[in-house]
Amino acid sequence: MTTSTITHAPLKSLPADMELVLKVIPMPADTNSNGDIFGGWVMAQVDLAGSVLPARYTAGRMATVAVNEFIFKQPVKVGDILSFYAAVTRVGRTSITVKVEVFAERIRQQGEYVKVTEATLTYVAIDDNGRPRALPAQE
Ligand SMILES: CC(C)(COP(=O)(O)OP(=O)(O)OC[C@H]1O[C@@H](n2cnc3c(N)ncnc32)[C@H](O)[C@@H]1OP(=O)(O)O)[C@@H](O)C(=O)NCCC(=O)NCCS
């Protein structure tokens, strides 16, 4: 049997075709029993980051309807500087779908980025009764 080494060489640059929507540094209170950052904490940040671009389209209340894909590619460590990049991939009648990619700079290796998470989420514009409403016409 042969073995292969999977390398995760750090990136020197960040996506040029996505927008930086959030930066945050996880703290010890956000860890799991392994000492890495709890996946649920990362998911909550991704949900927040993912909502930034859709909010420009909904002009009002909205809700997350689906997390279509969520991949934890690398662990997140206490003190990592996390950068959340987002891009809209679909604008529907009532919904907007976004891709979110999360990059970590280890605190002592700034300028080197490791992609730790990627996800795709869908948000729906809702009315006062919590029902889907058509997106306003875009200018
Ligand atoms: C969001 C909500 C109002 C949507 O109501 P619904 O009756 O399911 O909506 P519809 O079936 O009419 O679909 C509305 C839009 O969502 C999209 N959608 C629905 N389910 C989806 C799914 N699983 N994946 C992707 N998009 C989905 C539809 O394609 C549609 O988009 P479009 O109009 O742009 O084509 C309702 O599901 C809800 O209240 N969910 C709870 C939201 C919430 O609490 N979020 C926080 C989670 S903790």
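Mentor: Let us begin with Val88, which counts as partly exposed because 15 C-beta neighbours lie inside 10 Å. Please bear in mind throughout that this is a predicted model.

Trainee: What makes Val88 partly exposed, given 15 C-beta neighbours inside 10 Å?

Mentor: A residue is buried with 20 or more other C-beta atoms within 10 Å, and exposed with 12 or fewer. Val88 has 15, so Val88 falls in between and is called partly exposed. Val88 is found in strand E3. Leaving aside neighbours within four places in sequence, Val88 is in contact with Leu53, Ile96 and Val98.

Trainee: Why is Ala59 called exposed?

Mentor: Ala59 has 11 other C-beta atoms within 10 Å. The limit for an exposed residue is 12 or fewer, so Ala59 is exposed. Ala59 lies in the loop between H1 and E2.

Trainee: Which residues is Pro15 in contact with, leaving aside neighbours within four places in sequence?

Mentor: They are Tyr85 and Glu101. For Val24, with such neighbours left aside again, the contacts are Gln45 and Leu82.

Trainee: How far apart are the C-alpha atoms of Pro15 and Phe103?

Mentor: These C-alpha atoms are separated by 9.8 Å, while the residues are 88 apart along the chain. For Val24 and Leu14, ten residues apart along the chain, the separation of the C-alpha atoms is 16 Å.

Trainee: Let us turn to the helix. How do you know that the reach of H1 is close to the expected one?

Mentor: H1 has 20 residues.

Trainee: Where does the kink in H1 lie?

Mentor: The kink lies at Val52, shortly before the proline Pro54, and is about 40 degrees. That angle is taken between axes fitted to the seven residues ending at a residue and the seven starting there.

Trainee: Which residues of H1 are buried?

Mentor: Val42, Gln45, Val46, Ala49, Gly50, Ser51, Pro54 and Thr58 are buried in H1. An α-helix has 3.6 residues a turn, so residues three or four places apart point the same way. The buried residues of H1 pack against strand E1, E2, E3, E4 and E5.

Trainee: Which members of the largest nonpolar core touch the most other members?

Mentor: Val46, Phe84, Val100 and Val102 do, in a core of 25 residues. Helix H1 and strands E3, E4 and E5 each give two or more residues to this core, and E5 gives the most, with seven. In soluble globular proteins, nonpolar side chains tend to be buried together.

Trainee: What does Val100 touch, not counting residues up to four places away in sequence?

Mentor: Val100 touches Val46, Ala49, Gly50, Phe84, Ala86, Glu118, Ala119 and Leu121.

Trainee: Which residues come nearest to the ligand?

Mentor: Ala66, Gly92, Arg93, Thr94 and Ser95 come nearest, of the 15 residues around the ligand. Strand E2 gives the most to this shell, with five residues. By class, the shell has six nonpolar, seven polar and two charged residues.

Trainee: What is the pattern of the protein, read along the sequence?

Mentor: The protein follows the pattern β-α-β-β-β-β, and its secondary structure comes to one helix and five strands. Of its 139 residues, 27% count as buried.

Methods. Residues numbered from 1 in each chain as written. Predicted model: local features only at pLDDT ≥ 70, side-chain atom pairs only at ≥ 80, totals over all residues. Near = placed C-beta within 6 Å. Helix = DSSP H or I, 4+ residues; strand = E, 2+ residues; numbered from the N terminus. Nonpolar A, V, L, I, M, F, W, Y, C, P; charged D, E, K, R; others polar. Core = buried A, V, L, I, M, F, W, Y, C linked by C-beta atoms within 7 Å. Contact = placed C-beta atoms within 7 Å. Expected span 1.5 Å × (residues − 1).
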